[in-house]
Amino acid sequence: MTDKALENIALLIDADNTSYKGIDPVLTVMAKLGQVNIKRAYGNFAKNNLANWDKITHRYGIRPQQQFDLTAGKNATDMAMTIDAIDLLYQGKVDGFGIMSSDSDFTPLVTRLRQDGLVVYGFGSVSKTPAAFKSACTRFIDIDALIKGASDEPEKAKASPAPDKNTIDDDLIELLGTAWKAAKRDEKGYAPLDEVGKIAGNRSSFDVRNYGFKRLSDLFEAIGQFQIERRENNGLYVKRLR
């Protein structure tokens, strides 16, 4: 993924399968990538369970795309989002996407967008989203973690992060260990932290926010199997201990 800020990002929201409470933290994440100039939410907003989207769309400049349930069991929202995404792709004016949904039906769409070299960030509930969709994204970020992080920001600022036993597992440690091995290490076994992070990100949809951390260094320190060393110019390096 390029470090250059993207000039035109489209955020497409499956309102039927995501929470309106995640809009603000999602836009904050996307803003770090570049300019989010296209914001569209899709769903049947005549339903009571989508009533809260009314104020949200106006507040954040999101264009609501009304999709009526014309046939029982058929999801017009998925079709509309997919068609719009492909239209934007072929117009050639969008260089990145955000997809807010926990629906695995968007896996082929994400795969197609990435084949053209576009950055695609997925935002959904990690417990509800199938692995195929998460893996297809450039990054998949747990929207529940973002919402929680936004709500208890003052508490987090006072307390040091603690590992979540339910999310930091052997698979994560193996992923980070493999990334460390693949990185260029010095004679002491230390590798640049940012390089390790990029390798881990290229191998999966890995993102530290899914584990309750804001910084990669905090995650490594919480695991306890790695050592972080700060060098001149504030450069961070990591070494596996066991």
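These legends walk you through several close-up views of one predicted model. Residues are numbered from 1 along each chain as its sequence is written, and side-chain values use heavy atoms, leaving out hydrogens and water. As the model is predicted, local features need pLDDT of at least 70 and side-chain atom pairs count only at pLDDT 80 or more, while totals for chains, interfaces and linings use all residues.

**View 1. The largest nonpolar core has 25 residues.** A nonpolar core is a set of buried Ala, Val, Leu, Ile, Met, Phe, Trp, Tyr and Cys residues joined through side-chain atoms within 4.5 Å. Buried means under 20% relative accessible area, exposed means over 50%, and partly exposed is in between (1.4 Å probe, protein chains only). Look for Ile 23 and Phe 123, the residues with the most contacts inside this core. Two or more residues each come from strand S1 (6-14), helix H1 (23-31), strand S2 (34-43), helix H2 (53-59), strand S5 (119-124) and helix H6 (143-151). H1 gives the most, with 5 residues. Helices (H or I, at least four residues) and strands (E, at least two) are DSSP runs, numbered from the N terminus. In soluble globular proteins, nonpolar side chains tend to be buried together.

**View 2. Asp 186, Glu 229 and Arg 231 are linked in a network of salt bridges.** A salt bridge is a side-chain nitrogen of Lys or Arg within 4 Å of a carboxyl oxygen of Asp or Glu. Arg 231 pairs with Asp 186, and their closest N and O atoms are 2.7 Å apart. Arg 231 lies in the loop between strand S8 (226-230) and strand S9 (236-240) and Asp 186 in the loop between H8 and strand S7 (191-192), so this pair ties together parts that are 45 residues apart in sequence. Arg 231 also forms a salt bridge with Glu 229, where the closest N and O atoms are again 2.7 Å apart. How accessible are these partners? Arg 231 is partly exposed at 27% relative accessibility, Asp 186 is partly exposed at 25%, and Glu 229 is partly exposed at 24%.

**View 3. Arg 112 and Asp 116 form a salt bridge.** Here the closest N and O atoms are 2.6 Å apart. Arg 112 is partly exposed, with a relative accessible area of 25%, and Asp 116 is partly exposed too, at 44%. The structure holds 5 salt bridges.

**View 4. Asp 169, Asp 170, Asp 171 and Glu 174 gather in a patch of negative charge on the surface.** Patches are made of residues with over 30% relative accessible area and no salt bridge; like charges are joined within 9 Å, and nonpolar side chains (Val, Leu, Ile, Met, Phe, Trp, Tyr) within 5 Å. Accessible areas come from the Shrake-Rupley method with a 1.4 Å probe, and for residues only the protein chains shown count as cover. Lys and Arg count as positive and Asp and Glu as negative, while His and the chain ends are not counted. The place of a charge is taken as NZ of Lys, CZ of Arg, CG of Asp or CD of Glu. Find Asp 169 in the loop between helix H7 (153-158) and helix H8 (170-182). Asp 169 is partly exposed, at 35% relative accessibility.

**View 5. Lys 4 lies in the segment before S1.** At 60% relative accessibility, Lys 4 counts as exposed. Lys 4 and Leu 33 are 29 residues apart in sequence, and their C-alpha atoms are 8.1 Å apart in space.

**View 6. Lys 47 sits in the loop between S2 and H2.** Lys 47 is partly exposed, with a relative accessible area of 37%. From Lys 47 to Asp 69 is 22 residues in sequence and 10.0 Å in space, C-alpha to C-alpha.

**View 7. Arg 240 is found in strand S9.** Arg 240 is partly exposed, at 23% relative accessibility. Arg 240 and Leu 176 are 64 residues apart in sequence, with 9.3 Å between their C-alpha atoms.
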